[in-house]
Amino acid sequence: MESLRLGNNYFGKRNELDKDKLLEMLRKMYRIRFFEEKGENLYKSGLITGDFHQYIGEEAVAVGACAVLRDDDYIVSTHRGHGHCIAKGGDIKKMMAELLGRKTGYCGGRAGDMHMLSMDIGLLASVGTVGGGISTAVGAAFSSRYRGSEQVALAFFGDGATNTGAFHESLNLASVWKLPVVFVCENNLYGVSLRVSESSGVEDIADRATSYGIPGEIVDGMDVLAVCGTVAEAVSKAREGGGPSLIECKTYRFGPHWVGDPDPSIYRSDEEVQKWKEKDPILVFRSKLLEDRIFKERKLDAVKELVEEEIEEAIEFAKNSPFPDPDTVENYVYHSEREISR
Amino acid sequence: MREITYCEALREALREEMRKDQSVFMIGEDVGRFGGWFTVSKGLLAEFGGARIKDTPISESAMIGLGVGAALTGLRPIVDIYFIDLVAVCMDPIVNLAAALGYVSEGRVKVPLVIRVTGGGTGQGHDHGKSLEAWFVHTAGLKVAMPSTPYDAKGLLKTAITGDDPVIFIEHKLLYFKKGPVPEEEYTIPFGEADIKKEGNQFTIVATSLMVREALKAAEELEKEGISAEVIDPRTLIPLDIQTIVSSVRKTSRLIVVHEACERGGIGAEIVRQVVDRAFDSLDVAPKVIGAKNIPLPYSKPLESAAIPSAKDIIRTVKELM
C-alpha cells in the first residue's frame, strides 16, 4: 500500500502491527463519526447545552495526524475539538460525561464542548478563541526542547485562525527558535459563514509558510493515509531538530458550524455539500482497505458495530453520572491558597 | 542592613530562583544582551545562557501563549512584557488560558506563569504609562502583585516564581532605582499579607505601588499637624489581605484608598466595598478613593501631574474627612 511508505518506519512493513494500526485508525474515525451523530441528538434533547461543534467530515485529519504521534506528544485543539480528543486516545465515556456537564467528565463538567483537556493523553487545551491555542503548542514544543525530551507538539486550527495575529506570531517564533511543532490547518473552506476566498489573501494557506521560512504542505484532508504520511514527515523532522512545518489539510465539515446553526445553505450550496460527501473520509479509507485486500468487509463491519455499542455505553455512563456539586463552584480557582477566590 | 535598588532586588530574586530551579526561564523583548529595558535582567544572560534568558521577537501574544504551553508542561516561565499597556495586545492567552485552565480542569493542570510588567506615568504618554491592575483583579484565576519597596519586590517575586498559579507582577518605572533595605539572607513574602508601612490611629490610608511613597510623605506631613495616619500596602491585590485593612479601620474609623490607576472601577472601589461589607459600623465618615483622573494619560508634564494623585491630594482629602 503506497501511502504507508511513510519514511520513518513508524508502521514498518505490512505486518500484523500495521494491520492493527490501520484498524485502530478506522475505529477512531467511526468513533468520531458516531460520537458526533449521537451527540447531536443529545444536544437537541437538551442534555448537552451551550454549543455543539461537530467534527463530521474532517475525521481523516485528526486521525491521520494523531496516528503518527507518540502517546507523550502534545496536541492543542480548537472549538471543534471532539475529533482531536478521540484521535489522541480520549476516553469517550469521559468525553460524553463532560459534554453532559457531569462530575465524571474529563474536566468534571467545568470545560464542556469547546474546552476539553486531558494531560493523560497530551491534550493540553482546547481553545474556544479562534487561533488562541496555536501559541500554547509552541510553548509545549519549547518546553520539550528545554527539557531535552523528544516530544513534539501539534497544533490543530481552522482556516479562520490563520487570519489572526496569534497564528503569524506563533509560526514566526517557532521558526526563529526551530521548535518541534507541527501546525495542522484544517481548511474546511468556511470560517462560520465566510468563505476562505473572502477572508484570505492567498488561495492556499500552506503558502503562508513561506513568510516564516518553514515548509508548507498541502494534503487531501479527506484521505487519512495522505494526512498520515505528510504529518509523519513533519513530525520526524520536528523530532530530529529540523523545526516546524505547516500542513494545510483540505477538508470539509459536512454539517453546520454548530448544531444550532439554522441554515448553512445561506452560505454554501447543497451541490457543494454533496460533492464533498462523496469524498467521505471513512468511505474512502474503508474502500482502500477492502480494495487492497487488507481486511474483509466482515472485519470492518465488526469494528463499526463495536464502536456503535461503545458510544451507547458512553451515553449511558454519562447519563447515569452525577452533576458536580454546586457547593464546589468556587473550588480550583487557584492551586496554592485555594480558599482565596474572593 | 544593606540597601539596594528595587531593580537589583528583582534581579536577585530572578537569579536566586534560576539558580535553584532549572525549570525557571525568562523570555521577553531585549531581556538578554540588552539586560531588560530597566536593567532588571542585566548579567543574567551571562550567568544562565541563551537557553534560559531569551530575547523574543515583538510578539507579545505568542510570548504569553508560549509561557502558557511551557507552564502546562512542567516549566516555570517568566515572561517580561515591557509596559503594562502592551498587555492590550496579548490579553487572550492571559485571560482565556492562563487564568482559566486550572479552574476548568478542576486543578488537573497548573499554569505557574509569571508575567512581569511595569506600570505608572513617567511622561511617556498614554500607551506607556497606564496603571491597569484592575483588569487583572477583575479576571478570576490570576494573582496580582504590586510591590512598592525593594524588600517587597524581591520577596514577592520569589513567591510568584515558586507558586503554582499565574501571576501578574506589576512593577513601577519610578521605583526601579529607589533604594531600600534588603537582607543578604534569603527570604520570601507570602501573597495575601498586607504590610503596615507606618502605624497610626486616626486614619487608614491604603496605597499601592508608587502611591505608598506618596501616602508615607503625606502621613509624615500630617503627623506634624497632629494627625496620626496608618499606611497600609496590600502588596498583593489578589489575594487581598482585607483583614489587616479592616482591623486598621476598626481602630481609625476612617479610610482612604490611593492608587495611580483611574479612580473609576479601580481596586480602590473594591477595597471600599469589602470594608463597607465587613466594618460599616466602624466607619465615622464615608470612605474615599483617590485615583488618577478618568482620562487616557496625557504627555505634557503639568497635565500628567494633574492627572496622577500625589501626597498633596492625600493630605487635602484627609483633612476634609477629619
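**Reading the model**

Author: Strand β2 (24-28) of chain B runs parallel to strand β4 (residues 76-83) of chain B, joined by 5 bridges. Strands (E, at least two residues) and helices (H or I, at least four) are DSSP runs numbered from the N terminus, and two strands pair if DSSP finds at least two bridges between them. This is a predicted model: local features need pLDDT of at least 70, side-chain atom pairs count only at pLDDT 80 or more, and totals for chains, interfaces and linings use all residues. Residues are numbered from 1 along each chain as its sequence is written, with chains lettered from A and ligands numbered from 1 in the order written.

Reader: Which residue of β4(B) stands opposite B:V24?

Author: B:R76 does. β2(B) also pairs with β3 (residues 53-55) of chain B, in the parallel sense over 3 bridges; there B:I27 has B:K54 as its partner.

Reader: How many residues of β2(B) are buried?

Author: A residue is buried if 20 or more other C-beta atoms, placed from the backbone, lie within 10 Å of its own. In β2(B), that holds for 5 of 5. B:F25 and B:I27 point one way, B:V24, B:M26 and B:G28 the other.

Reader: What do the buried residues of α6(A) pack against?

Author: An α-helix has 3.6 residues a turn, so residues three or four places apart point the same way. The buried residues of α6(A) include A:F167 and A:L171. They pack against α5, β4 and β8 of chain A together with α3 of chain B; contact means C-beta atoms, placed from the backbone, within 7 Å.

Reader: How many residues does each chain give to the contact?

Author: Chain B gives 39 and chain A 37. On the chain B side, α3(B) has the largest share, 9 residues.

Technical notes. Two residues are in contact if their C-beta atoms, placed from the backbone, lie within 7 Å. A residue is buried if 20 or more other C-beta atoms lie within 10 Å of its own, exposed if 12 or fewer, and partly exposed in between; C-beta atoms are placed from the backbone.
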